[in-house]
Number of protein chains: 2
Amino acid sequence: MDNRPKIILVRPQMGENIGAVARAMSNFGLCELRIVAPRDGWPNEAAVAMASGAAPIIHAAQLYATVPEALADIQHAYATTARPRDVEKRVVTPKEAVCEIATSGEQVAFVFGPERTGLENDDLSWCRTIVTIPTAENASLNLAQSAVLMGYEWWQQAGKGLDVSPSEAATTEQYEQFFTRLESSLDESDFFKVPAKKAGMMLNLKAMFLRAGHTEQELRTLHGILSALSGR
Amino acid sequence: MDNRPKIILVRPQMGENIGAVARAMSNFGLCELRIVAPRDGWPNEAAVAMASGAAPIIHAAQLYATVPEALADIQHAYATTARPRDVEKRVVTPKEAVCEIATSGEQVAFVFGPERTGLENDDLSWCRTIVTIPTAENASLNLAQSAVLMGYEWWQQAGKGLDVSPSEAATTEQYEQFFTRLESSLDESDFFKVPAKKAGMMLNLKAMFLRAGHTEQELRTLHGILSALSGR
């Protein structure tokens, strides 16, 4: 089974950086690039030019409007960010991440934020785990350098040639359906008493559920619980 | 003792790439940059501009005319290159290199060649070991990305905080003196019968001696042998 990590660029700004990420990927056998809402639209000539020999990765890249759409078939999204935010998430090193990936059999993605600002809390809410690259203080790794490091670690692990069974973990799309259902159930039962706090509470709930890494079957059970509790 | 690796750029072409290397270094606590015969001279405004917050590394960079001068105080130079050439050298991965460094106590340098052509055999002849970054086929890591990977591996190893005694290994300067002496002794004794083959033979001899990693005392012994054999 091909469980090479997908690379997801969220709202990338410069086409050159998208091209540089494609080149970085090609060094380490990664070939599936997904792009969420690029600032300068798509296709992007600067991306193709910078990609050089890795232009096929750019041409094959898939475009998405939102993070959950880009992650729909992904079972374990790793958010690459230097700064874990206020939402509770487990944080691993790149090496720990690729070790997990090698043995989990999950469909995984490495998610990178925009050049200047990084991933926002709402982007992170779709990721089960945060990967933080160990650096000195005041680090300023650019997008392609971060992609190089993740690819390098993955390539070293992948070179060991583990062959594992596909994971039965739920995909992001299945989680999204559950979260949508959960939110409307909670709305109907007037759970969110203070509207201003609803967004933050949903982020925390999503983090709590994603962290558990449920199987598809377990999500079905949770759907059943919602149905039972809401009397439908 | 500070045995953080020095970064040596041999005949770098673009100032932007020198600046990008400085930024890469600053992410991983490396601060000593040495530059051999940069194509566009020195100082270089493009290097300062690209270095951004790492400009102090650029301002403190030392300029050298030749590789052996840049490596004079170095005990173990690692040549970073994708293509081991015809000279016999041991080849290690970045991880193996930083493990050695952590326990050897040697003064070490990571040596990088020009952007397009990489290190030449004569540059390599001053390096005891070759570091090759594991990649997929047709890899094209740029200068700063290679520096990022070496820095990243070193930083992870250095984070373990080993404290070891300084090595008594000979420095490049001491080796250079020995090689100069060896060459003139061999010249005098008409060792190089075919002038056209002399350069290649000296490269092989240098590789053979450097590979052994002699101490300063052992090099003195070798000097003594030369004196004895040449009757001085």
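A:Pro43 lies in the loop of chain A between strand E2 (33–36) and helix H2 (45–51), where helices (H or I, at least four residues) and strands (E, at least two) are DSSP runs numbered from the N terminus. This is a predicted model, in which local features need pLDDT of at least 70 and side-chain atom pairs count only at pLDDT 80 or more, while totals for chains, interfaces and linings use all residues. Residues are numbered from 1 along each chain as its sequence is written, chains are lettered from A in the order in which they are written, and side-chain values use heavy atoms, with hydrogens and water left out.

The peptide bond that leads from A:Trp42 to A:Pro43 is cis, with omega near 0°, and in chain B a cis peptide bond, with omega about 0°, joins B:Trp42 and B:Pro43. Most peptide bonds are trans, and most residues other than glycine have a negative phi. Because its relative accessibility is 35%, A:Ala37 counts as partly exposed, a class that lies between buried (under 20% relative accessible area) and exposed (over 50%), calculated with a 1.4 Å probe on protein chains only.

We turn next to a helix of chain B. Helix H9 (residues 195–212) of chain B has 18 residues and should span 26 Å at 1.5 Å a residue, and its end C-alpha atoms are 27 Å apart, which agrees; the expected span is 1.5 Å times one less than the number of residues. Among the buried residues of H9(B) are B:Met202, B:Leu205 and B:Phe209, and what covers the buried residues includes helix H8 (172–188) and helix H10 (216–229) of chain B.

Finally, we come to the place where the two chains meet. The contact (heavy atoms within 4.5 Å) takes 24 residues from chain A and 23 residues from chain B. The area buried between chain A and chain B is about 2,000 Å², of which carbon and sulfur atoms give 54%; buried area is the accessible area (1.4 Å probe) that two parts lose on being put together, summed over both. Of the area that chain A buries against chain B, A:Asn27, A:Gln145 and A:Tyr152 supply 28%, more than any other three residues.
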